Amino acid sequence: MEAVGHLLQRIWLFFLLFWLGQGRRMAPPGFVESSCRSRIFWMKLNKLLLQGKFFQLEIYDPYSGPVVLDEKLASRCGYVLSQDVWGNPVFRASALGCHVANEADELFSLTVNIKVSSFSSMRAAVTYTYPMYCSYASWASREIVCEENYMEVSVKTDVPAVSNDYTVAWMSALPETHNVAYQQWQLMFVSPSGRKRITVSDAVKLGYSFNNTLSRVYLRAPYHSNESDVSVVSGVNMNMITSTSMYRQRWLLLLIDTTVSCPVDGISFTDTTLTWTVPRVIPTLVVQESTFLSKSIVMGVDDQVIVNPEEMNYLLEYNETHIRITIPIGAEGGKLESSISDGVYGVIYYIDLFLEHMWTDAGWQTTKYTVIKSITTPFMPQIPTVINNTEPEERLFNVAFGHFLPDVSLVAITVGNVPFSLREPQHRSFKIYETPFSNGTKAFILEVSFDDPHVLKEYVNRNETKYTLLVNYTLSVGLEMTLYYHSAEVECVVADIEVPEAVGSCDEENLYLTLPTFGLHQYWDLYLGNKILNQHVALTNGYLAATNSTHLILQIPLFAGGLIYEEVSFQKIKARFDVALRKIRTMETLQMFSISCSFNSSAFIICHPDGTIMVSAQMKTVPAIDMSKTKLRDSSCKPREYNEAHAFFKFHVTTCGTSVRFEGDHIIYENEISYEKETLPRQSIPTITRDPDYRLTVLCYYQAKETLVLGAFSSHPATSPPFGSGTMFPRSNTAAYRRVRQALNVVSRVSKDESFMEFYGPSMAVVKQPMEPVFIEVELKDESPSVELYLENCWVTRSSDFDNSPRWNITVDGCEINGSEFAAEFCPVPVSPRVRHPSHFKRLAVRTLAQQLEQVYVHCLVAACSPTNTQAGSTCRGQCSSSRERKGFPGHPSDSLQGYVLAGPVRIVSPDLR
């Protein structure tokens, strides 16, 4: 046997020298690896040496020349061309392949030409010749190979050898021997369609390959041929060819069972494992199952047998019916590869397995059953995770983005709305780096400072800042370098804001408020009522504001706007100043700063926003007068408090004979404090008085829009304080002054029914039941026909006092509203003998919904407008109709008059008391 081996080596050496002389080259080092495993040639090409190139394999036959390897030739001749899980081209060939040189069924050799070119047409190709050798003598009685593209069965027998004409050239010199040989062998196929007997040459045309060697007969068949059948064995689909090879020579007839059956599925997957199942007993291959005995079961990866599968976390198990191999997804020996499917990131796992099962049974001494399987899992989505490892104390975002396989790279990143390429220098306020994990994956770490301008900052809660990092990752995935995009939003809330605290103080004439300036106009604003306390408001109200690098100091004079007078008498004034600290975005009040002080003041006038006037008058007359006898225009309005030098009055602008007039954007309320002179009788006429003739005029100025009496007056803001400012000056009883425009001349009536034909007289009692409407008419007198009357605000109280509470609104800003106590509805005003100008009338139906009220009054603030100006912001905004839709009417505050009417009392009684 050794002599035969040396002879073959010398022959191959001769051929190699000849090929080198023909321009062929030996493969460069590291380009080709080969082995022989269980009578199968394995050859692997290094993909790194094929980058940017094309290759082609030729199977070299020294007798007939090279044959280009294609799919049809591969399945018929026992060749497989694929690639391993790492992308390296892999070529496998059966030792019984068409072009394999066979020496006594023990030594096998095959030569492959590897052509490499830079062009797809393979022009200018370089050819590398690579011979392979395989020694295999331990043949089983029957050997079955289930490859990716063919099934092969070889059976030991003692039959004279015959060969194909395309493998042995010398057979062409003996045509008669060749023909006789083919006539001696025939194949019998049994399928569901029946039996078919064909010659070997016809079988070759159908894609089969049949031949015999010195001691064996073999049949090679493609999967799913016309003569094959699919059966289910223990839940696994098997592709089966039932065939008998017949050898005939005169009186001799030899029948050989060449049945072959291979699994075509049996693969299942979970999220973490793949399982390959093969039947342990295949009935078509085992005649008597009772005599079946497994001798060995081994598994392998690529061309290597795995002796101890458990060391690689593989599981090889079997029972009476199945052999099962379970592989964890990502296990060693296979390859995980990243992929993108429909914009979703995921992984695919590849592994090349083989299984060898040897058994004996009564029909055959030994059967060696080999299955080679390349397994690819389905696409498995792996949603990347963003892990926020930020440490607030360091004021640094630390964001991990993963886990990814090594075939994923970060190519660009967008922080905020600014894209950054990783090829650019690292941004000075953030950095990006990779961190590996023990399982072979990695994550991308992004560190960004809280103070980076691309980080969003939002003031939240009371004293916290929410830092938001918006990131868009661009990744290159897999060998195809598919781009994958993923966005993330990371937040961190830090208590890093100090809410300011204010300090207050007072002197004889001012209140002072001091507070830190940090955060003002950035996180919060100061509010005086519903207005931002800015420089304009401060100057308008008469405040003095001073700031330094850390604090704001407000000086608020005693009689400046915005003060709240908690206690007022002629002896002292207790004033309070309130300012609110509010969030800029939400207007939420965080803190109320309040300072309250008491002051001594001898003479003052305070005009409250609700129309209340408080006056402390000091009468400096000679001779002195009795301050208890002072009064307002209405002599019933006496001082609330007094002493020898002062008198204190408190009254409403609608009482005590107070008059109203309009000057520009201001409403001026006027009253007088006068003294009731005493006369002393003498013996002669006329009577003389000892008291001086003295009057003190009291004026309160309100900016029309800013007065808070139900918002009844409307105009543009000016420089006056938001509530009334007062003036007092003495004048003679006979002094005259210029009279300006007076308030409206309006009257109100209560109608007996909805016809508005009959009305209750001043002395008549108006009695109504709950839910029964009260019909009120308001008429504008002595005005031009083009002027229109509007009911701006109407409300109901239990008293005739203007500022009585509680009060229930029934119209607001010209629109009727329905509350829980009262409901109102405007009534139409048609032309009639009594109504010449419907625009001078407004009618309202008011229903009482409450049961517990006994007597009520209806108050209305009204306005009259002339359509001479369409400037926005007019007091006359239009009366709402019953459908609640506002009807616009042009007007201008300088062209409008306001007034006030009172209707009532109306007694509300239950039905049994009427």
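One place to look is Ile387, whose bridge partner in strand 32 is Ala400. These two strands belong to an open sheet of four strands, ordered 31-32-36-35 and paired antiparallel. Its edges are formed by strand 31 (385–388) and strand 35 (430–436), each of which pairs on one side only. If you look across this sheet, neighbouring strands are turned by 20° against each other on average, direction ignored. Please keep in mind as you explore that this is a predicted model.

Let us step back to the whole chain. It has 914 residues, and 49% of them count as buried. The secondary structure comes to five helices and 69 strands. Among the contacts in the chain with a separation of 6 or more, 63% are between residues 24 or more positions apart.

How confident is the predictor in this chain? The average pLDDT is 82, and 82% of the residues score at least 70. Some stretches fall below that. Over residues 1–14 the pLDDT is below 50, and this stretch has nine contacts in the model beyond near neighbours in sequence. Residues 159–182 also have a pLDDT that stays under 50, and here the model has 34 contacts beyond four places in sequence. Where pLDDT is low, the predicted coordinates should not be read in detail.

Now for the interior. In soluble globular proteins, nonpolar side chains tend to be buried together. In this model, the largest nonpolar core has 83 residues, and those with the most contacts inside it are Ile327, Tyr369, Phe397 and Leu469. Strand 28 (residues 344–360) supplies the largest share of this core, namely seven residues. A second, separate core has 38 residues, including Ile497, Leu558, Ile573 and Phe593.

Which residues is Leu469 in contact with, leaving aside its neighbours within four places in sequence? They are Phe397, Val399, Val415, Leu446, Val448, Val455, Ala488, Glu489 and Val490. Phe397, on this list, is also one of the residues with the most contacts inside the largest core.

Thr370 is found in strand 29 (residues 367–376). Is Thr370 buried or exposed? Its relative accessibility is 4%, and the cut-off for buried is under 20%, so Thr370 counts as buried. Once neighbours within four places in sequence are left aside, Thr370 is in contact with Ser38, Ile144, Val145, Cys146, Leu355 and Glu356.

Ser34 has its place in strand 2 (residues 32–37). Its relative accessible area is 37%, which lies between the cut-offs of 20% and 50%, so Ser34 is partly exposed. Setting aside neighbours within four places in sequence, Ser34 is in contact with Trp42, Met43, Tyr130 and Met132. With one of these, Tyr130, the side chain of Ser34 makes a polar contact of 2.8 Å. Ser34 and Asp303 are 269 residues apart along the chain, while their C-alpha atoms are separated by 9.8 Å.

For strand 49, four bridges make the join to strand 50 (residues 612–618), and the two run antiparallel. Within this pairing, Phe604 has Ser616 in strand 50 as its bridge partner.

Our last stop is a run of antiparallel pairings around strand 64. Strand 63 (residues 788–797) is joined to strand 64 (residues 808–812) by three bridges, and these strands run antiparallel. Here the bridge partner of Cys794 is Thr811 in strand 64. Strand 64 in turn runs antiparallel to strand 65 (residues 815–816), with two bridges joining them. Opposite Val812 stands Cys815 in strand 65. The hairpin of strand 64 and strand 65 has two residues between the strands, and in it Asp813 takes a positive phi near 55°.

Conventions
Residues are numbered from 1 along each chain as its sequence is written. This is a predicted model: local features need pLDDT of at least 70, side-chain atom pairs count only at pLDDT 80 or more; totals for chains, interfaces and linings use all residues. Side-chain values use heavy atoms; hydrogens and water are left out. A nonpolar core is a set of buried Ala, Val, Leu, Ile, Met, Phe, Trp, Tyr and Cys residues joined through side-chain atoms within 4.5 Å. Buried means under 20% relative accessible area, exposed over 50%, partly exposed in between (1.4 Å probe, protein chains only). Contact means heavy atoms within 4.5 Å. Two strands pair if DSSP finds at least two bridges between them. Axes are lines fitted to C-alpha atoms, for helices over the stretch in contact, and angles run from 0 to 180 degrees between N-to-C directions. pLDDT is the predictor's confidence in each residue, from 0 to 100. A polar contact is a pair of N or O atoms within 3.5 Å; within protein, one must be able to donate a hydrogen and the other to accept it, and residues adjacent in sequence count only if both atoms are side-chain atoms.
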